[in-house]
Amino acid sequence: MERAITAEGLTKRYGSLTALDSVSFAVGRGELFGLIGPDGAGKSTLFRLLTTLLAPDAGHAEVDGFDTVKDYRAIRRRVGYMPGCFSLYPDLSVEENLDFFAALFGVRVRDNYDLIAPIYRQIAPFRTRRAGRLSGGMKQKLALCCALIHRPSVLFLDEPTTGVDAVSRNEFWEMLDDLRQRGITTLVSTPYMDEAGRCDRIALINAARILGIDSPKGIVARFDEPLYALSGERMYELLLAARQSPGVRECYTFGETHHLIAEAGFDPDTFIGTLAGKGFRQVALHPIGAGIEDVFMKLMHHGE
Amino acid sequence: MESEPIIRVRELSKRFGDFTAVDRITFDVARGEIFGFLGANGAGKTTAMRMLCGLSYPTSGSGTVAGFDIAREGELIKRHIGYMSQRFSLYDDLTVMENIRLYGGIYGLSRREILRRTAALLERLDFRAERHTRVGRLPLGWKQKLAFSVATLHRPEVVFLDEPTGGVDPVTRRQFWELIYEAAAEGTTLFVTTHYMDEAEYCSRVSIMVDGQIRALGAPAELKRHYGARTMDEVFRMLAREAKRTE
């Protein structure tokens, strides 16, 4: 696999806080690679190191074969970067922003229009509107166009879907899928675990460290304990009662159901019988496959 | 439900000029419910919620929140509800104690009452050792628990939560939902607005707003069944895609 991004032992400290602790991973050419983790995990710091805006305290990284410290100028010309905060000029119109970013990179909008056309078409009806007055979803589409206008070889998107509604989020991921089919390498971060499945491969990141790297299917396959979905009436009391029951290693909320991790020797019928004895009727317990959140929590516990 | 609904809304509308932001919404929320209030950007969610929180008055329609009239008693509503947002709730530069005292004062509690409730709150959260720590230095999970406790310091019957767990790790998130479940089991009503459909799955019932109107209302399982969807995300997208208006 030809590598578009390589990071080895990347470490960054801010005073006494270690924002990134010896992070290593590689992204292959043409991959859509997701960095999944909560606020404060170190995602934005990693983006700033890879896009040469910060220098690491230890370790090193390459983007497109260039060293992020020595060859920062070459990298800045070749990558597209959409930071986590709104990065356009609010007082410039949609088309003025696009022209401006093209000029910065010494290209004309029409040179690479084919690349942004499917995205730009959606905001073109508002081309004379000031960027500051666009909706969240449209701002994000414009920011993506601006990050793509010089036809970058690697695209860095820091939490592009935070704060936008489910419809716009889905549209955004469809655009990333389309860009992948055109061969663009993308590193994208998100705090939302349900978006992990849209990536070729993901790295789970928490508290400055990478917990695991794999395909979304490979990650969930790492969950090797018996897992059940538990539901019934009085869900809160049920949660507390389940935790007290023999053979239950862990039980935690999971939206409409609770997830229960069983120990060896756990017997569903005995479990339901025990709960019935405590007044819980119509308890449903089904074996299920783990999701990204289950794996994430398991790996978090491992690190402790 | 046997008792009076804690939130009761009938044909509530809000117009700005000739734009109808909220268009005759009608629903009830029972005591002890965790009610999810969903909608795409621009669907009218924020405008509706501002009316429910007593921050703006409706153009037409009627309703009550915790027994107070939405059309006339905004000030009283504000004093009797709790509000918490993931983005902002506490002052990072104030200590744990100072934050509690500040909010106690805002909610109009007496000094003695503030002291009494502060002690109880620190005890319950096991925060005594951290009472003089600046909130900015607390781990996110602690901050959230504190923010929720502060938002309920005046023992409101209904608490509004705005995207309460966006961006937090899955363990912290579950600790928070347990706090919510506990409050609901004790009879507090939780009114949750969120963009994130996996948060919606935690609610007892949800409503989905499209173009200023409530298009769907029910338990997540019912809605998924009705729309033949696997997740709330699918249900939401099916409905929101029909939206005619953009922001």
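Visitor: Which residues are buried in helix α3 of chain A?

Guide: In this predicted model, α3 of chain A covers residues 94–104, and its buried residues are A:V94, A:N97, A:L98, A:F101 and A:A102.

Visitor: Nice. Where do the buried residues fall, seen down the axis of α3(A)?

Guide: They fall within an arc of 135°, so they line one face of the helix. In general, an α-helix has 3.6 residues a turn, so residues three or four places apart point the same way.

Visitor: And what do the buried residues of α3(A) pack against?

Guide: Two helices of chain A: α4, residues 113–123, and α5, residues 136–148.

Visitor: Which exposed residues are on the face turned away from the buried side?

Guide: That face of α3(A) carries A:A103 and A:L104, both exposed. After the helix comes A:G106, with a positive phi near 70°.

Visitor: Switching topic: how many disulfides are there over all chains?

Guide: Zero, from a search of the whole structure. Take A:C145: the nearest cysteine sulfur belongs to A:C146 and is 6.8 Å away, and A:C145 is in no disulfide.

Visitor: Is A:C145 buried or exposed?

Guide: A:C145 is buried, at a relative accessible area of 0%.

Visitor: Last one: what domains is chain A divided into?

Guide: Domain 1 spans 3–216 and domain 2 spans 227–288. Their C-alpha centres lie 42 Å apart.

Conventions
Residues are numbered from 1 along each chain as its sequence is written. Chains are lettered from A and ligands numbered from 1 in the order in which they are written. This is a predicted model: local features need pLDDT of at least 70, side-chain atom pairs count only at pLDDT 80 or more; totals for chains, interfaces and linings use all residues. Side-chain values use heavy atoms; hydrogens and water are left out. A disulfide is a pair of cysteine sulfur atoms within 2.5 Å. Buried means under 20% relative accessible area, exposed over 50%, partly exposed in between (1.4 Å probe, protein chains only). Domain bounds come from an automatic or database domain assignment. Helices (H or I, at least four residues) and strands (E, at least two) are DSSP runs, numbered from the N terminus. The arc is that of the directions from the helix axis to the C-beta atoms. Contact means heavy atoms within 4.5 Å.
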